[in-house]
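Student: I am new to this structure and would like to learn how to read it. Please show it to me, and then let us go through its features in turn.

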Amino acid sequence: MTIELTRSDATEHISEPEDQAALLADALASGDVHTIAAAIGIVARARGMTELAKETGIKRQALYRALSVDGNPTLETMLKVLPALGLRMKFEAAA
């Protein structure tokens, strides 16, 4: 018996801002930089990578590379990408 697998694209399932926020919160809770970068990449693709590239001035290919499972975006990239996605970083004192 053979099981047939198909690829799934998470961007099809997180069109609502609340779902995107939940994905990003879970990724952040993991503490893994690659998971966080990949989650931001999923949100970016869901919203439109071409438009994000235009708004940030970062080439589309560079965004795909930085916001992937193997990516490691710079702080400069994050400070351009997050506001363009309607997101912001927030710092608070650790308990």
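Student: In which helix is the place of Ala-21?

Tutor: Helices (H or I, at least four residues) and strands (E, at least two) are DSSP runs, numbered from the N terminus. Ala-21 belongs to helix H1, which covers residues 17–30. This is a predicted model, where local features need pLDDT of at least 70 and side-chain atom pairs count only at pLDDT 80 or more, while totals for chains, interfaces and linings use all residues. Residues are numbered from 1 along each chain as its sequence is written, and side-chain values use heavy atoms, with hydrogens and water left out.

Student: How many helices and strands are there in the protein chain?

Tutor: The protein chain has five helices and zero strands. Its pattern along the sequence reads α-α-α-α-α. Along the principal axes, the C-alpha atoms fill a box of roughly 55 × 40 × 25 Å.

Student: Is Ala-21 buried, exposed or partly exposed?

Tutor: Buried means under 20% relative accessible area, exposed over 50%, and partly exposed in between (1.4 Å probe, protein chains only). Ala-21 is partly exposed, because its relative accessible area is 43%. The C-alpha atom of Ala-21 is 9.9 Å from that of Ala-39, 18 residues apart along the chain.

Student: Which class do His-13 and Arg-65 fall into?

Tutor: His-13 sits in the segment before H1 and is exposed, because its relative accessible area is 55%. Its C-alpha atom is separated by 8.7 Å from that of Ala-46, 33 residues apart along the chain. Arg-65 lies in helix H4, residues 60–66, and is exposed at 57% relative accessible area. Between the C-alpha atoms of Arg-65 and Ala-37, 28 residues apart along the chain, the separation is 9.8 Å.

Student: What percentage of the residues of the protein chain count as buried?

Tutor: Of 95 residues, 29% count as buried. Accessible areas come from the Shrake-Rupley method with a 1.4 Å probe, and for residues only the protein chains shown count as cover. The accessible surface of the chain is about 7,000 Å², with 54% of it belonging to carbon and sulfur atoms.

Student: Where does Leu-82 lie, and is it buried or exposed?

Tutor: Leu-82 is in helix H5. Leu-82 counts as buried because its relative accessibility is 8%. Contact means heavy atoms within 4.5 Å. Leaving aside neighbours within four places in sequence, Leu-82 is in contact with Ile-40, Leu-87 and Met-89. Leu-82 and Asp-19 are 63 residues apart in sequence, and their C-alpha atoms are 16 Å apart in space.

Student: What share of the contacts in the protein chain with a separation of 6 or more comes from residues 24 or more positions apart?

Tutor: Such residues account for 51% of those contacts.

Student: What volume does the largest pocket have, and which residues lie nearest its centre?

Tutor: On a 1 Å grid over the protein atoms alone, a pocket is an open set of points where a 1.4 Å probe fits, with protein on both sides within 12 Å along at least five of seven lines; lining residues have an atom within 4 Å of a point. Grid points are joined across faces, edges and corners, and a volume is the space filled by probe spheres set on the points. The largest pocket has a volume of about 500 Å³. Its lining has 15 residues, of which Leu-28, Leu-82, Arg-88, Met-89 and Lys-90 lie nearest the centre.

Student: Which helix supplies the largest share of that lining?

Tutor: H1 does, with five residues. H1, helix H2 (33–47) and helix H5 (75–84) each supply at least two residues of the lining.
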